[in-house]
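Here is a quick tour for anyone meeting this protein chain for the first time. Have a look at the sequence and the fold, then read on.

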Amino acid sequence: MAGAFDPVAPPLENGMPAVKEGDTSLRVGLGFDAHRFARRRPLVLGGVRVRERDGLLGHSDADVLAHAVMDALLGAAGLGDIGTLFPETDPELAGADSLGLLATVARLLAEQGWALINVDAVVICEEPRIAPYRAAMRARLAAAMGVGVDRVSLRGTTTEGLGFTGRGDGIAAQAVVLIGPAATEERP
Ligand code: MG
């Protein structure tokens, strides 16, 4: 490691070092989702029922945060996307609990020999504030995926009035996940 932190350092002399042998099977995944507000629907975020009205429109419970996490997991494992796995035309999925869908995705990854290293997610909206629900959302998401809560990071942010979230038209969520090969003894 170099000495003191230099905020405007020149490029690395020999470029970024190569990934350590054996660690190259880690996979990163990115998920994004957005849903518009719907007055007569409950608001469910990260498996937490935040309020009974002014929720989000969607075929399932419209849990935009859980959906972003699911797509990140599926993307990391190269298993497609939630639209393919859980089609909006499937009547059985009407009003579905998205945490149950997330548990299904987690099971799918485990069956393919993948282990979740961590999730980092952001909910983008002017309201509600995420902070009061953060601990409960982390706990519920972690439980659905069968991992410790320390592996799930979450925060909310606004767009300072800009764009569709800024206008209060809906809520967006982004998630990144890192997965790696499961230890042999943990494979189902
Ligand atoms: Mg969605």
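Where is Asp54 found? Asp54 sits in the loop between β3 (48–51) and β4 (55–56). We'll come back to that residue further down.

## The overall picture

Keep in mind that this is a predicted model. The chain contains 5 helices and 7 strands. Starting at the N terminus, you pass through them in the order β-β-β-β-α-α-α-β-α-β-α-β.

The C-alpha trace spans about 60 × 45 × 25 Å along its principal axes. Of the 188 residues in the chain, 34% are buried. Looking at contacts between residues at least 6 apart in sequence, 73% join residues at least 24 apart.

In soluble globular proteins, nonpolar side chains tend to be buried together. Here, the largest nonpolar core has 43 residues, and those with the most contacts inside it are Val64, Leu65, Val69, Met70, Leu73, Leu102 and Ala173. Two or more residues each come from β2 (43–45), α1 (64–77), α3 (98–111), β5 (114–124), α4 (134–145), β6 (152–157) and β7 (170–181). The top contributor is α1, which gives 10 residues.

Leaving out residues up to four places away in sequence, Leu73 touches Gly29, Val105, Ala106, Leu109 and Val177.

## How the helices pack

Let's start with α1 and α3. The two helices pack at an angle of about 15°, and their axes are 9 Å apart. That angle makes α1 roughly parallel to α3. Their crossing is left-handed.

On the α1 side, the residues that meet α3 are Ala66, His67, Val69, Met70, Leu73, Leu74 and Ala77. From α3 come Ser98, Leu99, Leu101, Leu102, Val105, Ala106 and Leu109. By type, this contact has 12 nonpolar residues, 2 polar and no charged.

Next up is α3 with α4. Here the axes come within 7 Å and cross at roughly 45°, so α3 is oblique to α4. Leu99, Leu102, Ala103 and Ala106 in α3 meet Arg140, Ala144 and Met145 in α4. The contact of α3 with α4 divides into 6 nonpolar residues, no polar and 1 charged.

## Backbone details in the loops

What kind of peptide bond joins Glu127 and Pro128? The bond is cis, with omega about 0°. You'll find Pro128 in the loop between β5 and α4.

Now back to Asp54, whose phi is near 55°, a positive value in a residue other than glycine. Is Asp54 buried, exposed or partly exposed? With 16 C-beta neighbours inside 10 Å, Asp54 counts as partly exposed.

Glu160 has a positive phi too, about 50°, although it is not a glycine. This residue belongs to the loop between β6 and α5 (163–166). Glu160 has 9 C-beta neighbours inside 10 Å, so it counts as exposed; the cut-off for that label is 12 or fewer.

Notes. Residues are numbered from 1 along each chain as its sequence is written. This is a predicted model: local features need pLDDT of at least 70, side-chain atom pairs count only at pLDDT 80 or more; totals for chains, interfaces and linings use all residues. A nonpolar core is a set of buried Ala, Val, Leu, Ile, Met, Phe, Trp, Tyr and Cys residues joined through C-beta atoms within 7 Å. A residue is buried if 20 or more other C-beta atoms lie within 10 Å of its own, exposed if 12 or fewer, and partly exposed in between; C-beta atoms are placed from the backbone. Helices (H or I, at least four residues) and strands (E, at least two) are DSSP runs, numbered from the N terminus. Two residues are in contact if their C-beta atoms, placed from the backbone, lie within 7 Å. Axes are lines fitted to C-alpha atoms, for helices over the stretch in contact, and angles run from 0 to 180 degrees between N-to-C directions. Angles under 35 degrees count as roughly parallel, over 145 as roughly antiparallel, 65 to 115 as roughly perpendicular and the rest as oblique. A crossing is left-handed if the near helix is turned anticlockwise from the far one by less than a right angle, and right-handed if clockwise. Ala, Val, Leu, Ile, Met, Phe, Trp, Tyr, Cys and Pro count as nonpolar, Asp, Glu, Lys and Arg as charged, and the others, Gly among them, as polar.
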